[in-house]
Amino acid sequence: MKFNIVDNFLPQKDFDEIKNLITGPSFPWYYNSSIAFHESQKENDYYFTHIFYENDSRSNFFNLINNKILCKIKFFTIKRIKANFYPRTEKLIFHKKHVDYNVPHKAMVFCINTCDGFTVVEKNTKIQSIENRALFFDPSKKHNSTTCTNTKGRFNINFNYI
């Protein structure tokens, strides 16, 4: 699996606007009882998400993401855009390896905050969560996320596209 990292992906002003929205008190987060597999019942296997786009359904915040981030990605079609909020845990938890979709496609994980959490890709390569970092990779290959222990949560936005 090939991956690419782009630090300082957005101009600071655009990044701050998105970070303030996503980490702010009015952003709607939705509880998910598992992260990689629906059948998991582990105590810490939960997170919160916000779907910006999926199957032509768009959130009220889609235009901001479209105008600030999506316009910088070359794509044919969008499969899904989803914000993730992994609450802080006492010990770093590695989520199960998974694929996003079983068809070849591309992904970008856009980091909203810096923390000790990361995304694990190719040959167990750990890509640290650093704010305003974009990680491009093939999400049809197994990968996984983690929680964090040194901030209130790990925040990112996942883009799946062709």
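The largest nonpolar core of this predicted model has 28 residues, of which I18, I69, I81, M108, F110, I157 and F159 touch the most other members. A nonpolar core here is a set of buried Ala, Val, Leu, Ile, Met, Phe, Trp, Tyr and Cys residues joined through side-chain atoms within 4.5 Å, where buried means under 20% relative accessible area, exposed over 50%, and partly exposed in between (1.4 Å probe, protein chains only). Two or more residues of this core come from each of helix 1, strand 3 (47–54), helix 2, strand 5 (78–87), strand 6, strand 9 and strand 11 (153–161). A second, separate core of six residues includes A107, V121, I127 and L135. A closer look at I69 shows contacts with F9, L10, I18, L64, M108, F110, I157 and F159, leaving aside neighbours within four places in sequence; contact means heavy atoms within 4.5 Å.

Local features need pLDDT of at least 70, and side-chain atom pairs count only at pLDDT 80 or more, while totals for chains, interfaces and linings use all residues. Residues are numbered from 1 along each chain as its sequence is written, and side-chain values use heavy atoms, with hydrogens and water left out.

Stepping back to the whole fold, the protein contains two helices and 11 strands, which follow the pattern β-α-β-β-β-α-β-β-β-β-β-β-β along the sequence. These elements are DSSP runs numbered from the N terminus (helices: H or I, at least four residues; strands: E, at least two). The radius of gyration is 15 Å, close to the 15 Å that the globule rule gives for 162 residues, so the protein is as compact as a globular protein of that length. This radius is taken over C-alpha atoms, and the rule is 2.2 Å times the number of residues to the power 0.38. The C-alpha trace spans about 35 × 35 × 30 Å along its principal axes. Of the 162 residues, 48% count as buried. Among contacts with a separation of 6 or more, 75% are accounted for by residues 24 or more positions apart.

R133 is buried, at 11% relative accessible area, whereas D7 is partly exposed, at 40%. Another salt bridge pairs K68 with D14, whose closest N and O atoms are 3.1 Å apart. Since K68 belongs to helix 2 (residues 62–68) and D14 to helix 1, the pair ties together parts that are 54 residues apart in sequence. D14 counts as buried, at 18% relative accessibility. R88 and E90 also form a salt bridge, again with closest N and O atoms 3.1 Å apart; R88 is partly exposed at 40%, and E90 is exposed at 65%. Through shared partners, salt bridges join D14, E17 and K68 into one network.

Finally, N113 sits in the loop between strand 6 (106–111) and strand 7 (118–121) and is buried, at 9% relative accessible area. The N113 side chain reaches the backbone oxygen of G153 at 2.8 Å and the backbone nitrogen of F155 at 2.9 Å.

Key. Salt bridge = Lys/Arg side-chain N within 4 Å of Asp/Glu carboxyl O. Polar contact = N/O pair within 3.5 Å; in protein donor to acceptor, adjacent residues only side chain to side chain.
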